[in-house]
Amino acid sequence: SGHWYGRALAAAADGTLYACGEAYNAPGGHGSNNDAVVMRVNGKDLKPIWSAAKVFGGTSYDYCKDIVATKTGAVFVGYRNGTGANNELWLAGLDSAGKLLWEKQHGGNAADLGMKLVALSDGFAAVGHTQSKGEGNYDIWVLRTDTKGALLWDRTIGEASHDFGDGITALPGGDLAVAGRRYVVAKGRTLPWMARLSAAGAIKWQRALATTKNDQLLDVVAAKTGGLTFAGRAYRKDGVDNYLEGWLVRTDAWGHVSCKEAGGCSDKGVAACDDKNVCTQDLCSQAKGCTHTPTEAAWTCADGKFCTLDACDIKTGKCTHKTDKACEDCQKGILGKPWSSVIDGGGLNSDELWGVGVFSNGDVAWAGYSYNGANGYDLWTIRTNAHGKVLWTLKPAAASHHQYGYDLTLTADDSVVVAGI
């Protein structure tokens with residue numbers, strides 16, 4: 001009964017799947033205020049393992065946005081009512097029978113939302129956006145916790161506007177890759193954004209892609225060859241309309257999308273807060289006035305050369321550029337070359353890709369939805385090779401109602417399972 005929304009999937013080592021989302025009027029729930037729900041199913045036939053979905057939450061609105069499988073069960077991230085009437089990021093650990101083992105809420109006196117989660121060897125990392133911390137209305141928020149959700153560190157990334165974190169994945173060596181959106185004042189609009197963080201949360205690099213419209217990166221996974229693969233949505237560039245199409249992006253380990261790339265206060269203008277140090281971000285906070293913080297990253301020092309690691313020396317205010325052999329290998333085609341591609345799902349309005357995963361042979365699976373112009377939106381699944389060539393695309397038979405894909409996972413035999421509505 002009620003309305004059920006599937007948001008995320010996770011494959012367990014034993015071949016079962018965990019799915020989560022939210023439901024209105026769920027049995028055992030809290031009526032019209034939606035609750036977070038989790039299901040466990042067989043990975044081969046998708047038949048339920050539990051007799052009923054597990055319901056979590058209180059008398060307010062509670063959301064599960066992502067879930068990961070662990071050795072003993074699963075952990076999900078989302079948000080629920082916290083301080084006052086505001087949402088707080090919410091982490092919860094379950095055993096294999098769906099029993100709640102622990103839960104933690106993180107946030108402050110404003111809205112704090114958890115969107116994606118990744119399991120690490122000694123805990124978890126989550127990404128979302130926060131109004132309780134940082135510089136802007138919303139800032140990208142990255143958190144690192146132990147195995148029971150206790151906070152180890154967190155950091156915000158953003159400026160005095162709206163910045164959102166939408167995807168996160170773990171990389172070899174302990175680094176994290178993050179996908180999101182940042183409002184760039186100089187451009188006057190939101191740009192798709194990506195970053196690589198160390199295991200301690202330091203930004204190694206961050207990039208805002210110079211697209212011409214408000215395109216978005218919604219999910220990220222590590223590629224087999226060491227780069228990053230993103231799923232998202234991009235506005236059509238042919239000038240015919242403003243409709244969305246699916247967006248596939250493959251970068252190298254530094255966020256380059258091609259081998260040719262390298263990297264207010266009412267009474268104060270931008271020039272008034274410029275400290276002339278290229279290695280600082282100069283901002284203006286209503287509470288603090290002008291602030292100057294280290295950039296930590298290379299994007300202010302990009303020298304236009306693809307195979308250099310660009311960095312800032314905060315003490316001298318000068319840029320440094322170090323050539324990297326692995327990047328030169330990319331130029332020679334030894335590693336998988338980066339690429340970006342917009343794919344038309346045949347929709348007459350919006351085509352969007354929300355989930356991405358990697359097959360055992362390095363091919364990539366993508367999931368989302370496409371507008372069919374007749375009955376609404378169709379579930380949309382794509383398989384490409386590592387270079388972006390479409391191998392197949394699949395839509396179920398047209399239904400009399402909308403079908404949305406929001407996440408996918410790959411089973412041990414490389415079957416693709418999609419969660420949605």
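This is a short walk through a few local features of the structure above.

Hi everyone, a word on the ground rules first. This is a predicted model, so to speak of local features we need pLDDT of at least 70, side-chain atom pairs count only at pLDDT 80 or more, and totals for chains, interfaces and linings use all residues. Residues are numbered from 1 along each chain as its sequence is written, and side-chain values use heavy atoms, with hydrogens and water left out.

Let's start inside. Which residues have the most contacts within the largest nonpolar core? They are Val38, Phe56, Ile67 and Phe76, in a core of 16 residues. By nonpolar core I mean buried Ala, Val, Leu, Ile, Met, Phe, Trp, Tyr and Cys residues joined through side-chain atoms within 4.5 Å. Buried is under 20% relative accessible area, exposed is over 50%, and partly exposed lies in between, with a 1.4 Å probe and protein chains only. At least two core residues each come from β1 (3–11), β2 (16–24), β3, β5 (63–69), β6 (73–81) and β7 (87–95). The top contributor is β7, with three. Strands here are DSSP E runs of at least two residues, numbered from the N terminus.

Now look at Phe56. Leaving aside residues up to four places away in sequence, its contacts include Val38, Phe76, Trp90 and Leu94; contact means heavy atoms within 4.5 Å.

Next, please find strand β13, residues 163–170. Seven of its eight residues are buried. Strand β13 runs antiparallel to β14, residues 176–184, and seven bridges join them; for strands to pair, DSSP must find at least two bridges between them. One of the bridge pairs is Gly165 with Gly180 in β14. Five residues lie between the strands of this hairpin, and Gly173 there has a positive phi near 90°.

Which residues have a positive phi without being glycine? Leu46 is one, at about 65°, and Asp414 is another, at about 70°. Leu46 sits in the loop between β3 (35–42) and β4 (54–56), and is partly exposed at 46% relative accessible area. Asp414 belongs to the loop between β29 (405–410) and β30 (416–420), and is also partly exposed, at 23%.

Leu391, Trp392 and Leu394 make a nonpolar surface patch of about 280 Å². Of these, Trp392 lies in strand β28, residues 390–394, and is partly exposed, with a relative accessible area of 35%. Patch residues have over 30% relative accessible area and no salt bridge; like charges are joined within 9 Å, and nonpolar side chains (Val, Leu, Ile, Met, Phe, Trp, Tyr) within 5 Å. A salt bridge is a Lys or Arg side-chain nitrogen within 4 Å of an Asp or Glu carboxyl oxygen. Areas come from the Shrake-Rupley method with a 1.4 Å probe, and for residues only the protein chains shown count as cover.

Key:
Helices (H or I, at least four residues) and strands (E, at least two) are DSSP runs, numbered from the N terminus.
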